[in-house]
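Let's take a walk through a protein model together.

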Amino acid sequence: MTADVWLPIPPEEIVGLPKGPTYRFWDGAETFPSDPADCAFYVVPYMKPAGLGQRPLPEMTSLEVVQTLSAGTDHVEPGLHRVRAGVRLCNARGVHEASTAELTLTLILASLRGVPDFVRAQDRGEWLGGFRPALADRSVLIVGYGSIGSAIEDRLEPFEVARVARVARSGRATARGPVHPLTDLPALLPEADVVVVSTPLTEATRGLVDAEFLARMKDGALLVNVARGPVVDTAALLGELESGRLTAALDVTDPEPLPPAHPLWRAPGVLISPHVGGPTSAFLPRAKRLLVDQLNRFVNREPLRNVILTTGVGGAGASGSTGV
């Protein structure tokens with residue numbers, strides 16, 4: 001195989017890449033590393049603006065695979081209508097589960113135990129005591145039970161939660177218990193003390209957490225969003241926060257980045273982290289392992305992992321479903 005592979009990590013830093021392709025390093029620089037028409041396997045630069053990652057796609061006339069290093073693919077899917085039919089889009093399932101699940105537990109515990117209040121009190125030199133809710137004995141609802149949702153439940157187990165309920169696009173049975181379909185949400189929301197949203201962003205999930213969704217949550221419940229900002233209706237959430245009925249912990253927002261004057265910054269009962277679920281020290285070794293595995297499969301013409309869609313199949317190209 002003599003085709004080019006574009007990588008956002010210098011190829012000399014990745015041990016185990018198969019021989020055959022010509023590896024090119026491109027992490028979003030203005031100048032392309034080679035003629036895009038020669039690229040057969042394109043790994044989209046990580047944590048870059050969506051338009052930047054889509055920029056070379058129209059010129060990639062030999063393209064066979066687009067590989068993201070994120071769990072979501074919504075940042076690249078709009079550009080796929082400009083590539084030829086048969087291009088496979090793969091996500092980074094297996095790369096971000098540990099980091100995102102860690103942050104989810106961090107946000108839950110920090111919010112329930114009042115850590116932001118303690119930090120502010122420390123700045124004032126104030127000893128702020130008081131009685132705080134524990135995660136123990138709480139009921140947790142995970143909305144979006146893919147690999148990240150499952151990893152979140154892994155980390156909930158030692159905390160003696162009363163119950164974990166699981167929701168995905170369609171229902172199924174697991175060793176841990178049932179995964180409910182989205183249609184069961186209205187009945188499950190009033191029972192949950194903590195609602196974790198870890199869905200992909202699709203047309204079906206955009207605005208999923210709307211005024212009706214929030215109204216069904218019990219008084220005093222905590223909403224945790226580690227999915228994508230547009231999954232939550234920001235205006236509806238602001239109304240619930242300002243009333244004091246709900247609290248929230250958000251790693252993602254809509255808009256994002258959140259402008260300095262946005263009222264969400266100053267809403268009561270909200271903890272905001274700046275979309276840091278994935279970028280940790282756990283990312284690079286897992287990303288490298290994924291790329292080595294995928295590229296060995298590609299060179300040996302074996303089935304790829306994590307294929308989300310294939311352009312020109314079932315109308316995919318301009319859009320398609322993504323996985324968590």
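**Rings, strands and a helix**

In this predicted model, ring pairs join Trp6, Trp26, Phe32 and Tyr42 into a cluster. Searching the whole structure turns up seven aromatic pairs.

Now look at another pair, tyrosine 46 with phenylalanine 283. These two rings are stacked, at 4.3 Å centre to centre and with 15 degrees between the planes. Tyrosine 46 sits in the loop between S3 and helix H1 (50-54), while phenylalanine 283 is in helix H8, so here the parts tied together are 237 residues apart in sequence. Are these two residues buried or exposed? Tyrosine 46 has a relative accessible area of 17%, so it is buried, since buried means under 20%. Phenylalanine 283 counts as buried too, at 11% relative accessibility.

Next, let's turn to the strands. Strands of a sheet pair through backbone hydrogen bonds, either parallel or antiparallel. In this model, six strands form an open sheet in the order S2-S1-S3-S4-S5-S14, with mixed pairing. From one strand to the next, the twist averages 20 degrees.

Zoom in on one pairing: strand S3 (residues 39-43) and strand S4 (residues 65-67) run in the parallel sense and share three bridges. Valine 43 has glutamine 67 in S4 as its bridge partner. Helix H8 (residues 283-299) lies across strand S1 (4-7), S2, S3, S4 and strand S5 (88-90), and it runs at about 160 degrees to S3.

For a last stop, find serine 139 in strand S6 (residues 139-143). Serine 139 is buried, with a relative accessible area of 11%. Its contacts beyond four places away in sequence are Arg163, Glu191, Ala192, Asp193 and Val194. A polar atom of the serine 139 side chain lies 3.3 Å from the backbone oxygen of glutamate 191.

How values were computed: Residues are numbered from 1 along each chain as its sequence is written. This is a predicted model: local features need pLDDT of at least 70, side-chain atom pairs count only at pLDDT 80 or more; totals for chains, interfaces and linings use all residues. Side-chain values use heavy atoms; hydrogens and water are left out. Two strands pair if DSSP finds at least two bridges between them. Helices (H or I, at least four residues) and strands (E, at least two) are DSSP runs, numbered from the N terminus. Axes are lines fitted to C-alpha atoms, for helices over the stretch in contact, and angles run from 0 to 180 degrees between N-to-C directions. Contact means heavy atoms within 4.5 Å. Buried means under 20% relative accessible area, exposed over 50%, partly exposed in between (1.4 Å probe, protein chains only). A polar contact is a pair of N or O atoms within 3.5 Å; within protein, one must be able to donate a hydrogen and the other to accept it, and residues adjacent in sequence count only if both atoms are side-chain atoms. Rings of Phe, Tyr and Trp (its six-membered ring) pair if their centres lie within 6.5 Å; planes under 30 degrees apart count as stacked, over 60 as edge-to-face and the rest as tilted.
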